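Student: Hi! Could you walk me through this one before I set up my calculations?
Tutor: Happy to; here it is.

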Amino acid sequence: MKKYNVAVIGAGVVGIEMLRVLKERNFPVQDLRVFARSSREIDVDGQKYAVEAVSPEGFKGIDIALFAGTEGEKGAAVTFAPEAIKRGAVVIDNGADFRMDPKVPLVVPEVNAADVRKHKGIIANPNCSTIQMVVALWPIHKKAGIKKIIVTTLQASSGAGKAAVEQLKEETVIISSRGFTSVHVNVENRAMPQQLGFNVFPHIGGFSECDYTSEEWKLVHETHKIMHDKKIKISATTIRVPVRTGHSESVYIETAKPITADAARKLLSRAAGIVVIDDPAKSLYPMPKDVEGRDEVFVGRIRQDCFEKKGLWLWVVADNLRKGAATNAVQIAECLVK
Ligand SMILES: NC(=O)c1ccc[n+]([C@@H]2O[C@H](COP(=O)([O-])OP(=O)(O)OC[C@H]3O[C@@H](n4cnc5c(N)ncnc54)[C@H](OP(=O)(O)O)[C@@H]3O)[C@@H](O)[C@H]2O)c1
């Protein structure tokens, strides 16, 4: 079997998960290099990796570059993806910089794996909350045609990177150690816009058009692009919750053709990458604490709307660092080398 020289750029929460996923899925790696802003050695589950300071020359000989660095003008992908491509690598980027570029495929393999073949050097990995939603909705869309989606996300701290996880930990320790006498803490230089320990807030990304946040718009635009259907009406509210890892979503859909909750349950039980846990009478439904480290998307509470015949509710949970980022990126790499 042919083997590939692979680079992982970023050694934060997603980059570290990528190293785990590459190993677990036996990706055919010849040589693996890890880059971040500064050089150091890291230990992932007892295995040591040398992290090198990223530079254009570092991409010489790399076949596949998995980017998990920061976004934006001076971010890792904008700065170094062109350098990697120039030296012959195919880039798979986890950030938002290239996702909506019409020349860049945006791929969730369970939905639009064929789009990988259209790449011109870069393939984008969607936002974590989009990935788990489209995996859960795609089988229903194919069967009954989804016309409308209303989604509320409950997003974990690790979705905002390692600094946000540290913030949640620090605030939780401070409040608990005071014996819950007050739930307010003052932490300097917070990674997130609000206190997260013992709190929730409806503010992920910056506020923009229609008073939606950028994270809410990602759910709209990325879903349209991945599903190749811009007609679906999508409204989103994204909420940060004090969970370490694992995003949850309450999703309401309206379909063109009626589909019962039972039929949807059966359809999703047979679909690739989905695990249905749906026995509320026995208190069985997906929860973030149970999905950490898992690669599938978990669906439960599938039920008919009481007032709208073609309305269905679903509760969708997934590990944002695995299926929401690293696993999806490595699956794209698998499609690429197939
Ligand atoms: N967290 C999630 O659930 C999630 C899900 C989907 C997509 N994403 C996306 O994945 C990317 C990584 O997120 P994360 O949560 O892993 O962030 P993170 O924990 O903050 O880690 C960021 C990593 O990127 C490195 N980095 C930053 N700027 C860089 C540059 N200019 N050149 C090279 N490396 C650079 C950092 O290096 P140092 O360690 O040396 O500082 C760090 O290792 C982001 O684009 C994010 O939007 C995240």
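Predicted model: local features only at pLDDT ≥ 70, side-chain atom pairs only at ≥ 80, totals over all residues.

Student: Leaving aside its neighbours within four places in sequence, which residues is Arg37 in contact with?
Tutor: Arg37 is in contact with Ala53 and Val54, where contact is defined as two C-beta atoms, placed from the backbone, lying within 7 Å. Residues are numbered from 1 along each chain as its sequence is written.

Student: OK, and where does Arg37 lie?
Tutor: Arg37 lies in the loop between E2 and strand E3 (40-44). Helices (H or I, at least four residues) and strands (E, at least two) are DSSP runs, numbered from the N terminus. The C-alpha atoms of Arg37 and Ser55 are separated by 9.2 Å, with the two residues 18 apart along the chain.

Student: Is Arg37 buried or exposed?
Tutor: Arg37 counts as exposed because it has 12 C-beta neighbours inside 10 Å. The cut-offs go by other C-beta atoms, placed from the backbone, within 10 Å of the residue's own: buried is 20 or more, exposed is 12 or fewer, and partly exposed is in between.

Student: Before I go on, what pLDDT does the protein average?
Tutor: The average is 97, and 100% of the residues score at least 70. pLDDT is the predictor's confidence in each residue, from 0 to 100. Confidence is lowest in helix H5 (residues 162-177), at a mean of 96, and highest in E10, at 99.

Student: Now the sheet. What's the strand order in the open sheet of 6 strands?
Tutor: The order is E9-E8-E10-E13-E12-E11, with mixed pairing. Strand E9 (233-240) and strand E11 (274-276) are the edge strands, each pairing on one side only. The twist averages 20 degrees from one strand to the next. Two strands pair if DSSP finds at least two bridges between them.

Student: In what sense does E8 pair with E10, parallel or antiparallel?
Tutor: E8 and E10 pair in the antiparallel sense, over 8 bridges, and Thr152 stands opposite Ser250 in E10. E8 and E9 pair in the parallel sense, also over 8 bridges, with Gln155 opposite Arg240 in E9.

Student: And how many bridges join E11 to strand E12?
Tutor: There are 3 bridges joining E11 to strand E12 (residues 297-304), and the two run parallel. Val276 stands opposite Val299 in E12.

Student: Which strands does helix H4 lie across?
Tutor: Helix H4 (residues 128-144) lies across strand E8 (146-155), E9, strand E10 (247-255), E11, E12 and strand E13 (311-318), running at about 25 degrees to E10. Helix H7 (residues 261-270) lies across E11, E12 and E13, at about 165 degrees to E12. For those angles, axes are lines fitted to C-alpha atoms, for helices over the stretch in contact, and angles run from 0 to 180 degrees between N-to-C directions.

Student: What about Lys266, where is that found?
Tutor: Lys266 is found in helix H7. With 14 C-beta neighbours inside 10 Å, Lys266 counts as partly exposed. The C-alpha atoms of Lys266 and Val276 are separated by 8.9 Å, and the residues are 10 apart along the chain.

Student: Switching to the ligand: which of the 31 residues around it come nearest?
Tutor: Gly10, Gly12, Val14, Gly95 and Gly161 come nearest. A residue counts as near a molecule or strand if its C-beta atom, placed from the backbone, lies within 6 Å of it. The largest share of the shell, 3 residues, comes from H1. Helix H1 (13-24), strand E2 (29-36), helix H2 (76-86), H5 and H9 each supply at least two residues of that shell.

Student: Where does helix H9 bend?
Tutor: Helix H9 (residues 322-337) bends by about 35 degrees at Asn328. That bend is the angle between axes fitted to the seven residues ending there and the seven starting there. H9 is mostly covered, with 12 of its 16 residues buried, including Asn328.

Student: Last one: what's phi of Phe198 near?
Tutor: Phi of Phe198 is near 55 degrees, a positive value in a residue other than glycine. Most residues other than glycine have a negative phi. Asp211 also has a positive phi, near 65 degrees. Phe198 is in the loop between H5 and helix H6 (214-227), and Asp211 lies in the loop between H5 and H6. Phe198 counts as partly exposed because it has 16 C-beta neighbours inside 10 Å, whereas Asp211 has 7 and counts as exposed.
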